[in-house]
Amino acid sequence: MEILRHAVVLVHLVGFAVLFGAWVVEAFGQHRITRLQNWGLAIAAVAGLALAAPWGIEYDLNYAKIGTKLVVLLVIGALLGIGAGRQRKSGSVPPAVFWGIGILTFLNAALAVLWR
């Protein structure tokens, strides 16, 4: 069961890597919201919710960490939605929304690694 949990952790990290990697590419490009960013968020969210279930572990989960990461993930999703809507409407993403996505994605990864 522990191997399966580690595999889900890997999928979760890959989801954030896809989201952050696609954002970095656009940070050096046209500052757009891409479909790949949405896919990365979806992968990270589904895997994160699977990890929040207490299966195959012998210790208590850190619910404060899980809740904080979920709130940050929801804000990232909201910013992606707002940015995509503005991009469709005006052709560009507001800089605060675009940079907020990158900063919060990095924050979420940092919370996962640094918060024990």
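## Contact of α3 with α4

In helix α3, the residues Lys65, Thr68, Lys69, Val72, Leu73, Val75, Ile76, Leu79, Leu80, Ile82 and Gly83 meet Val97, Gly100, Ile101, Leu104, Thr105, Leu107, Asn108, Leu111 and Ala112 of helix α4. Sorted by class, this contact of α3 with α4 holds 13 nonpolar, five polar and two charged residues. The model is a predicted one.

The axes of α3 and α4 lie 9 Å apart, and the packing angle is about 160°. Because angles over 145 degrees count as roughly antiparallel, α3 is roughly antiparallel to α4. The crossing in which α3 passes α4 is left-handed.

## Overall architecture

The protein chain has four helices and zero strands. Read from the N terminus, its elements follow the order α-α-α-α. Along the principal axes, the C-alpha atoms occupy a box of roughly 50 × 25 × 20 Å.

Of the 116 residues in the chain, 35% are buried. Among contacts with a separation of 6 or more, 76% are between residues 24 or more positions apart.

## Contact of α1 with α2

Helices α1 and α2 have axes that come within 8 Å of each other and cross at roughly 155°. This angle makes α1 roughly antiparallel to α2. Here too a left-handed crossing is found, with α1 passing α2.

On the α1 side, the contact is made by Arg5, Val8, Val9, Val11, His12, Gly15, Phe16, Val18, Leu19, Ala22, Trp23 and Glu26. The α2 side supplies Leu36, Gln37, Gly40, Leu41, Ile43, Ala44, Ala47, Gly48, Ala50 and Leu51. The residues in the contact of α1 with α2 comprise 15 nonpolar, five polar and two charged.

## Contact of α1 with α3

Helix α1 covers residues 2–27 and helix α3 covers residues 63–90; they pack at an angle of about 35°, and their axes are 14 Å apart. The crossing of α1 past α3 is left-handed.

From α1, the residues His12, Phe16 and Leu19 meet Lys69, Leu73, Ile76 and Leu80 of α3. This contact of α1 with α3 divides into five nonpolar residues, one polar and one charged. His12, Phe16 and Leu19 are also among the α1 residues in the contact with α2. On the α3 side, Lys69, Leu73, Ile76 and Leu80 are also among the residues that meet α4.

## The nonpolar core

The largest nonpolar core consists of 20 residues. Leu19, Ile33, Leu41, Ile76, Leu80 and Ile101 are the residues with the most contacts inside this core. Two or more core residues come from each of α1, α2 (35–52), α3 and α4 (95–114). Helix α3 gives the largest share, six residues.

For Ile33, the contacts beyond its neighbours within four places in sequence are with Leu80, Gly83, Ala84, Gln87, Val93 and Ile101.

## Selected residues

His12 belongs to helix α1. Its relative accessible area is 10%; because buried means under 20%, His12 is classed as buried. Not counting residues up to four places away in sequence, His12 touches Ala44, Ala47, Gly48, Leu51 and Lys69.

Thr105 is located in helix α4. With a relative accessibility of 3%, Thr105 also counts as buried. Leaving out residues up to four places away in sequence, Thr105 touches Phe16, Leu19, Phe20 and Ile76.

Gln87 sits in helix α3. The C-alpha atoms of Gln87 and Arg32 are separated by 7.3 Å, although the two residues are 55 residues apart along the chain. Apart from its neighbours within four places in sequence, Gln87 is in contact with Arg32, Ile33, Ser92 and Val93.

How values were computed:
Residues numbered from 1 in each chain as written. Predicted model: local features only at pLDDT ≥ 70, side-chain atom pairs only at ≥ 80, totals over all residues. Heavy atoms only, no water. Axes fitted to C-alpha atoms, helices over the stretch in contact; angles between N-to-C directions. Left-handed = near helix turned anticlockwise from the far one by under 90°. Contact = heavy atoms within 4.5 Å. Nonpolar A, V, L, I, M, F, W, Y, C, P; charged D, E, K, R; others polar. Core = buried A, V, L, I, M, F, W, Y, C linked by side-chain atoms within 4.5 Å. Buried < 20%, exposed > 50% of the residue type's maximum accessible area, 1.4 Å probe, protein only. Parallel < 35°, antiparallel > 145°, perpendicular 65-115°, else oblique.
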